[in-house]
Amino acid sequence: MSELGKILWVDDEVDLLQAHVMFLKGKGYEVTLINNGQDAIEACKQENFDIIFLDENMPGLSGLETLEQIKFINSAVPVVMITKSEEENIMDMAIGSKIADYLIKPVNPNQILLTIKKNVHKRDIVQEQTTNNYRSDFAEIGMQIDTARTFDEWKEIYKKLVYWELELTDTENEMGEMLAMQKSEANRGWSKFIKQNYVSWMNDTENRPILSTDIFKKKIFPLLDAGEKVFYIVIDNFRLDQWKMIKRMLTDLYVFDDEDVYSSILPTATQYSRNAIFSGLLPLQLKKMFPQYWVEEEGEDAKNQYEKELLQTQIERFRKKYTFSYHKVNEAQYGEKLTANASQLDAYQLNVIVYNFVDMLSHMRTESKMIKELASTEAAYRSLTLSWFQHSSFYELLKNLAQKDVTIVITTDHGTVNTENPVKVVGDKVSTNVNLRYKVGRMLSYNPKEVFEITQPDKIGLYAPNLTSTYIFAMNHDFLVYPNNYNHFVNYYKDTFQHGGVSMEEMLIPLVTMRPKKVKK
C-alpha cells in the first residue's frame, strides 16, 4: 500500500489517463482506474480511498448520480469532480453535493497533484508550516518578553501567544511544549510587571490601561452619546482564546470595529471585577458610597445580586438619561425566552446581558470528573466553550441582532488560569477567605517572594475587613493551599481552572466592539 495515499479515478476514457497515472505513481501514490459509476460504487464498498477523481459525464450512471451513492457509503472521502462542461447549474449541483473540488478538462498533472495535496495532505502540510513559523517567531517573542515595559507591549505579547496557541492546537510535537514554556515565562514577566505598576494605576486614571471600572465611561457611554443602540454582553469568566474561537462563527455576520484587550482589577473574581464594571467604582469606593450594595467576602448572599442597581448609580453619577434593560442568563430556558422576545429590547438605548455558562463550566470542571475528562486540556476546554456557543441561545440572539442597526460590545469580568503549582499559606480560617488564587485575612503567613502582597489594601482600592488585613495574590499558575490536609487539597485542585490572582489569562481579557455587516451605516 502506498504511504502517500490511495486514489480512485473514475472516467469512461481511462486509456487517456495513463500519463497522469504514471506521474502520480512516480510521486508515490497508488492509483485505481475504473471506467463506470457502478463499478466505482462497488469499489468504494470494498476498500477505502483517500481521494476520488470522478468524471461528470459518463454513460450509465452520471458523475452526479455516482457521487450521491459514494457519499452515502463514505461521506468523509473527498471527491473531485472533473468535467468538460462549464455550465453553472452543473457546478452548483456538484458543489451542493459537497464535492471537495471542481476541475475543468483538460487537466494537467500539476493541477491533480495540487488538488491531492489540498484535500489529502493539507493538515500535515499546514502543521509543518505552522511549526516552522512558530519556531521562527519563538526567539522574537522571547525578546519581547525580556524587554516589555508597558501595558500595550504585554498586551501584544499575550495576543501573539494566544494566536500561536490556537494555531498549534493540532500539532503533536515539541512545539506545544515550547509554547507552554514560553507562556509560563511570559506569565512570570507579567507578574513582575503587575508588582511594579499595579499600585500606581490606581492614581493615574488618565495614563493607565482600561480597567474594569473604566468600561462604561470609556467604551459604552461614548457610543450611547453618539446615538447608537448598544447591546453590552458580559460572558462571565471568558478568556481571549475562547473569544477567538467563537469569533470564527461570527465573521459572516459582523464587522469588528475594535478588538481590544483590557485589564481586570484585582482580585480577578466576580464579586470584585464585575461589580467594578457595573458601578464604575473600585471595591473600597463601592463600600463607602453604596454600602447597601456591598456584600462581604464570606457573606451568604449572592455576590452579584445588585448589578442592575449599580449600573443605575453609575448612569446617574455621570448625569446620563439612558433607558436600559438588564438580564442575567443562568439557565438555557431563560436565554431562549430572552432571544424569542428580542424585539422587546428595541425600546431601550442600552441592553445589558450577562451570560454565566462559561463560569459554570470552569467550576463544573473542578467538581465533576466527567466534565474534567471532557475538558482535560486547554484545547478541549476551548472546544467545549465553542460547542456551548454553537448550540446556545446567545448565538441565536447574535444572529437575530445581525439584522438590526445596533452596536454590540462583548467582554467579560475576568479570565481563568489552569493551576499547577501549590503555594503554602497559613491564616486564621475564621477570617480568611477560601479562594485559591487570592487570600484576604489578618496574620497571614506566606513567602512574599511567591505572591503579590498588598499590606495596605486601600492603596489598590480594596476594603480591609480588619485593620491588619492583608491581600495576597497567587501568580502564574500557582494556587494557595493551607498546610492542613495539604496533599488532599493539592490533588483535588491541581489542574483545575481558577481565578482571582495575577496571570495574563485572568487579567488580559477581551473587549470587542462589533456591528452587523448587513446594516448600512
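A: In strand β16, Phe479 is the bridge partner of Pro422, where strands are DSSP E runs of at least two residues, helices are H or I runs of at least four, and both are numbered from the N terminus. Two strands pair if DSSP finds at least two bridges between them; here β12 (residues 421-424) and β16 run parallel and are joined by four bridges. Before going on, note that this is a predicted model, in which local features need pLDDT of at least 70 and side-chain atom pairs count only at pLDDT 80 or more, whereas totals for chains, interfaces and linings use all residues. Residues are numbered from 1 along each chain as its sequence is written, and side-chain values use heavy atoms, with hydrogens and water left out.

Q: Which way do the residues of β16 (residues 478-481) point, and are they buried or exposed?

A: Buried means under 20% relative accessible area and exposed over 50%, with partly exposed in between (1.4 Å probe, protein chains only). Asp478 and Leu480 point one way from β16, Phe479 and Val481 point the other way, and all are buried. Across the chain of 521 residues, 54% count as buried, and its secondary structure comes to 20 helices and 18 strands.

Q: How many residues of helix α10 (residues 240-247) are buried, and which elements do they pack against?

A: Seven of its eight residues are buried, so α10 is largely enclosed by the rest of the structure; among them are Leu240, Trp243 and Ile246, but also Asp241 and Lys247. Contact means heavy atoms within 4.5 Å, and the buried residues of α10 pack against helices α7 (151-167), α15 (357-367) and α17 (378-390) as well as strands β7 (254-263), β10 (407-411) and β18 (508-516). For the chain, of the contacts between residues at least 6 apart in sequence, 74% join residues at least 24 apart.

Q: What surrounds Asp11, and which polar contact does its side chain make with another side chain?

A: Asp11 lies in the loop between β1 (6-10) and α1 (18-26) and is buried, with a relative accessible area of 2%. Leaving aside residues up to four places away in sequence, Asp11 touches Leu17, Ile34, Asn35, Asp55, Met58 and Lys105. A polar contact is a pair of N or O atoms within 3.5 Å; within protein, one must be able to donate a hydrogen and the other to accept it, and residues adjacent in sequence count only if both atoms are side-chain atoms. The side chain of Asp11 makes such a contact with the side chain of Lys105 (3.1 Å), and a polar atom of the Asp11 side chain lies 2.8 Å from the backbone nitrogen of Glu13.
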